[in-house]
Amino acid sequence: MEQYEPDRLSPAQVAAMRRSFRSGRAAMTRRSLLRASAGGALAVGGLGTLSACGIPAAGTTQGGVSADDHSAEEKVVNFSNWTEYIDVDESEKHHPTLDQFKKQTGISVKYTEDINDNVEFFGKIKPQLAAGQDTGRDIIVLTDWLAARLIRLGWVQKLDASNLPHAYANLSQQFRDPDWDPGRAYSYVWQGISTVIAYNKKALDGQEVKSISDLLDNPKLKGRVGFLSEMRDSIGMTLLDMGKDPAKFTADDYDAAIARLQKAVDKGQIRRFTGNDYTSDLTSGDFAACVAWAGDVVQLKADSPDIDFIIPDSGYMTSTDNMLIPNKARHKTNAERLIDFYYQPKPAAELAAYINYVSPVDGVKPELEKLDPDAANNPLIIPDKAMAAKSHAFRSLSAKEETTFEEKFAKLTGA
């Protein structure tokens, strides 16, 4: 089992976390494109919570620690999620899908938008989890790399498949078997996040962009290309372009990808590495093309006819935000019923229609067509089979790899 010790992040890891606070995916809200960080005070204080090895976590065992399940007598689920990451009605006071869940099951949901950043939230719940205590939450939603960390620490509970018939049947194939949770024993996807190539037709001025190689090598795009400051996205897309599998790459493969990007930096091909702020560069035409997050592109396309995207033949990167049940949660069965509820096509469609991220639910398209035909036919929200087949995930990293790789990426980006 992985161990942890406070205050042992490398400088490169600290820099990576700060980039995420400032402008990475951690800085996006769901719909407004600005997921706020918790503020400067946390930026250093919360970082020590994600270290590699050292003191064993107190009282944990692989597979998580259950508590007495009070689901039968306490008809409630305590659900912690990111801000603006669920459907709301016109009054902005109610979540229609949660109301449907209560009507269907009799279980109330105490829904809290108290996740602003993975690192901050981990710092919030770490003391209770390390001490073997209840966090007061039955479901938490974490991005894949942190979900993997909690599973390795033994801080989340193994799911009961008998309570998850819809989830088991309807989870899209591309999300079924991550290396950090084979077979989804401990987690189910809330939403997917895709990394693609976006471009401004007007700024391209007739140039064709079909691949990462076009971004890195076409001299007519010099100084008008953007890559992301999130290591897994930029390196992952580059590895794919080089014919390497981001799920299986070696340290030498990583170094080759770094060298390829460094060459483009040195010759001025890459204008800069950005977080979510690339949206303004793309719409203004300062970027002719860039590596981008699909959730942004959906919004940008709606606002500007010049913005579009391509999926390279080599493939694209996908990450996930995931529902997990922490150790000692009081309402495990109720939590599993809520997870399963969101894998029914109708509520999944209502959620997708509102937040416009990648739905992980097979069978959602016919229901989404009733609500929003444009969304239903948008491959950035409902990938077709051909697009799903091009989806790739970045493999899990050891603590040593995390430190080494982030140091090299920080040097590349000047962070």
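Predicted model: local features only at pLDDT ≥ 70, side-chain atom pairs only at ≥ 80, totals over all residues.
Two packed helices are described by the angle between their axes and the distance between the axes. Helix α9 covers residues 231-241 and helix α10 residues 251-266; their axes come within 9 Å and cross at roughly 95°. Angles of 65 to 115 degrees count as roughly perpendicular, so α9 is roughly perpendicular to α10. On the α9 side the contact involves Met231, Ser234, Ile235, Thr238, Leu239 and Asp241, which meet Asp253, Tyr254, Ala257, Ile258, Arg260 and Leu261 of α10. By class, seven of the residues in this contact are nonpolar, two polar and three charged.

The model has 16 aromatic pairs. In one of them, the ring centres of Tyr188 and Tyr343 are 5.5 Å apart and the planes stand at 70°, so the pair is edge-to-face. Tyr188 belongs to strand β4 (residues 188-200), while Tyr343 is in the loop between α13 (332-341) and α14 (345-355); the pair therefore ties together parts 155 residues apart in sequence. Tyr188 is buried, at a relative accessible area of 5%, and Tyr343 is buried as well, at 1%.

Trp190 and Tyr342 also form an edge-to-face pair, with 4.9 Å from centre to centre and 70° between the planes. Because Trp190 lies in β4 and Tyr342 in the loop between α13 and α14, this pair ties together parts 152 residues apart in sequence. Both Trp190 and Tyr342 are buried. Ring pairs also place these two in a cluster with Phe79, Tyr85, Phe101, Tyr111, Phe341 and Tyr357.

Charged side chains sit over rings elsewhere. The charged end of Arg176 is over the ring of Tyr168, 5.8 Å from its centre. Arg395 lies over the face of Phe249, 4.4 Å from the ring centre.

Terms used
Residues numbered from 1 in each chain as written. Heavy atoms only, no water. Axes fitted to C-alpha atoms, helices over the stretch in contact; angles between N-to-C directions. Helix = DSSP H or I, 4+ residues; strand = E, 2+ residues; numbered from the N terminus. Parallel < 35°, antiparallel > 145°, perpendicular 65-115°, else oblique. Contact = heavy atoms within 4.5 Å. Nonpolar A, V, L, I, M, F, W, Y, C, P; charged D, E, K, R; others polar. Phe/Tyr/Trp six-rings, centres within 6.5 Å; stacked < 30°, edge-to-face > 60°. Buried < 20%, exposed > 50% of the residue type's maximum accessible area, 1.4 Å probe, protein only. Lys NZ or Arg CZ within 6 Å of the ring centre and 35° of its normal.
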